[in-house]
Amino acid sequence: MFNQAQLAALNKADKVTAAAQKAAYAAPLAVREITAAYIAQLVADILACRKLGAAAVQGTTGKEAATDALHLAETSLMTAVHEVQAAARQKYARTNPVLLHDYLVSHRLNPNQATFKQSVEAIITKLAGDTLPGITPAKVAALQPLLDAYTTAAADPASQQSDATKQRKLRDAAVSSITDRRLTIQFAADAEWPFTVDANAGVRGEFL
């Protein structure tokens, strides 16, 4: 996506290159080092820049989708862990409450991603040598895939953000380069068709 200033810059470049490609202006511009190849490259770069803008939008959209996937994975994992903790309270709250610490009961599990993953891993390790009411082997076995899914999802938003940032930087650099070369053409046109000659008004208008 482009901001308004970038869109205006690209639109100006479109108009200036359209004028520069006219046969009537080719020879005078070539003398001033604005060759057909120079103009053709700028036209191609404008098109490529617009594609970069589209890619930046897609990268941002991908980040949003990855963030949604992370939220879903975290919710699913947290739900499973809470069931384990509730079963631990059922078994130990009145008989051996110190064991509740092994299940991180009353601890904040997810102040950050690293702590959340470590907390779940600790609970999975504890369950390997303990049984809790209602927590079947299948439920215990399901914890690791849920943790794996969370770990994968947690990596995606950062990757998507990195891709989007790279695309935006490339887009910004491309707009800057296009603007510099568009100005070079305009400076050449200004020299070739000076404002002091009234008859040049039409040509100067084409070159903005």
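Trainee: In this predicted model, is Phe 207 buried or exposed?
Mentor: The relative accessibility of Phe 207 is 3%. Buried means under 20% relative accessible area, so Phe 207 counts as buried.

Trainee: How are the rings of Trp 193 and Phe 207 arranged?
Mentor: Their centres are 5.6 Å apart and their planes meet at 20°. Planes under 30 degrees apart count as stacked. The pair of Trp 193 and Phe 207 is therefore stacked.

Trainee: Where in the chain does Trp 193 lie, and how many residues separate Trp 193 from Phe 207?
Mentor: Trp 193 sits in the loop between helix H5 (137-192) and H6, while Phe 207 is in the segment after H6. The pair links distant parts of the chain, and the separation is 14 residues.

Trainee: Which class does the aromatic pair of Tyr 25 and Phe 207 fall into?
Mentor: The centre-to-centre distance is 5.6 Å, with 55° between the planes. Stacked needs under 30 degrees and edge-to-face over 60, and the rest count as tilted. The class for Tyr 25 and Phe 207 is tilted.

Trainee: Is Tyr 25 buried or exposed?
Mentor: Tyr 25 has a relative accessible area of 10%. The cut-off for buried is under 20%, so Tyr 25 is buried.

Trainee: Which residues form one aromatic cluster?
Mentor: Phe 207 pairs with Tyr 25, and Phe 207 also pairs with Trp 193. The cluster consists of Tyr 25, Trp 193 and Phe 207.

Conventions:
Residues are numbered from 1 along each chain as its sequence is written. This is a predicted model: local features need pLDDT of at least 70, side-chain atom pairs count only at pLDDT 80 or more; totals for chains, interfaces and linings use all residues. Side-chain values use heavy atoms; hydrogens and water are left out. Rings of Phe, Tyr and Trp (its six-membered ring) pair if their centres lie within 6.5 Å; planes under 30 degrees apart count as stacked, over 60 as edge-to-face and the rest as tilted. Buried means under 20% relative accessible area, exposed over 50%, partly exposed in between (1.4 Å probe, protein chains only). Helices (H or I, at least four residues) and strands (E, at least two) are DSSP runs, numbered from the N terminus.
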